[in-house]
Amino acid sequence: MKMLLRGVGVGLLVVALLLAGPLWMLASGAVPLDRHWSSADRTPAGLAPETPGTPVVQVYAARAFGWRGAFGVHTWIVTRAEGEEDFRLHHVLSWRRPTVVSGVDTPDRAWFGNPPTLLADYRGEAAAALVPLIDAAIADYPEPERYRAWPGPNSNSFVAWVIREVPGFDAALPVTAVGRDYLFGEGWAPTTSGSGYQLALGGLFGVSVARVEGLEITLLGLTFGIDVRRPALKLPGVGRLGMAPLAPR
């Protein structure tokens, strides 16, 4: 009986630690719940290049809309091939079938009231080489008819999968990108930065060690981590506390 009670106590402690960050995000008002999606701000952040015709590949993240924002972010990929004027935005939407949406759009506008953060920025020859490879990877996405907010596949699973599929396309997704560790039946894969490796079990449990991400441990789809190279602590829901990471370019 004592061992059972001890096990229950440890389990409750782990759950409390996992939920502390998301609950803090809600209690602090950092994730508002009182706005409607139709009136939420979609203003561009000014992070996309203005020079038309220049090849561009970027990766963005912004807090998810509503209560999901307490747990994590929505990520998307932006491309522009050489000679083109318009940006194409690639992401997964829960309410669409197939879930993958690729089309001309504003690359850096707020995600229903939540401003974006730039995670990767490739331009010129490097971007020109990546664009056709990214298009091919998107076309091969293995689960376009399926969406599951937790533990995946979701929008972050999609972006992480494309990044891993394209050589030379590196972007360290934050610990708040819930679903990035969903490996589509695989148990072992490079981290999205390309600087290390991770073990993962269905997006629920895992561990990764990488030069860019540092050490990260995933429990029930939520991740704790520590970055020694650019000192920072990473917490579920809250995200990164410390020095900002460098965006690959």
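Two strands pair if DSSP finds at least two bridges between them. Strands are DSSP runs of E with at least two residues, helices are runs of H or I with at least four, and both are numbered from the N terminus.

This is a predicted model, where local features need pLDDT of at least 70, side-chain atom pairs count only at pLDDT 80 or more, and totals for chains, interfaces and linings use all residues. Residues are numbered from 1 along each chain as its sequence is written, and side-chain values use heavy atoms, with hydrogens and water left out.

1. **The hairpin.** Start with strand 11 (residues 232-235) and strand 12 (residues 239-242). They pair in the antiparallel sense, over four bridges. K234 has R240 of strand 12 as its bridge partner. Three residues sit between the two strands of this hairpin. There, G237 takes a positive phi near 80°.

2. **Two cis peptide bonds.** Look next at the prolines. The bond from W150 to P151 is cis, with omega near -5°. The bond from G152 to P153 is also cis, and its omega is near 5°. P151 lies in the loop between helix 2 (125-139) and helix 3 (155-165). P153 lies in the loop between helix 2 and helix 3 as well.

3. **F112.** This residue is not a glycine, yet its phi is positive, near 50°. Find F112 in the loop between strand 4 (100-104) and strand 5 (117-123). Is F112 buried or exposed? F112 counts as buried because its relative accessibility is 13%. Buried means under 20% relative accessible area, exposed means over 50%, and partly exposed is in between (1.4 Å probe, protein chains only).

4. **F184.** F184 is placed in the loop between helix 3 and strand 6 (188-190). With a relative accessible area of 17%, F184 is buried.

5. **A charged patch.** Which residues form the negative surface patch? They are E84, E85, D86 and D135. Patch residues have over 30% relative accessible area and no salt bridge; like charges are joined within 9 Å, and nonpolar side chains (Val, Leu, Ile, Met, Phe, Trp, Tyr) within 5 Å. A salt bridge puts a side-chain nitrogen of Lys or Arg within 4 Å of a carboxyl oxygen of Asp or Glu. Asp and Glu count as negative, Lys and Arg as positive; His and the chain ends are not counted.

6. E84 lies in the loop between strand 2 (73-80) and strand 3 (88-92). Its relative accessibility is 37%, so E84 counts as partly exposed.

Terms used:
Accessible areas come from the Shrake-Rupley method with a 1.4 Å probe; for residues, only the protein chains shown count as cover. The place of a charge is taken as NZ of Lys, CZ of Arg, CG of Asp or CD of Glu.
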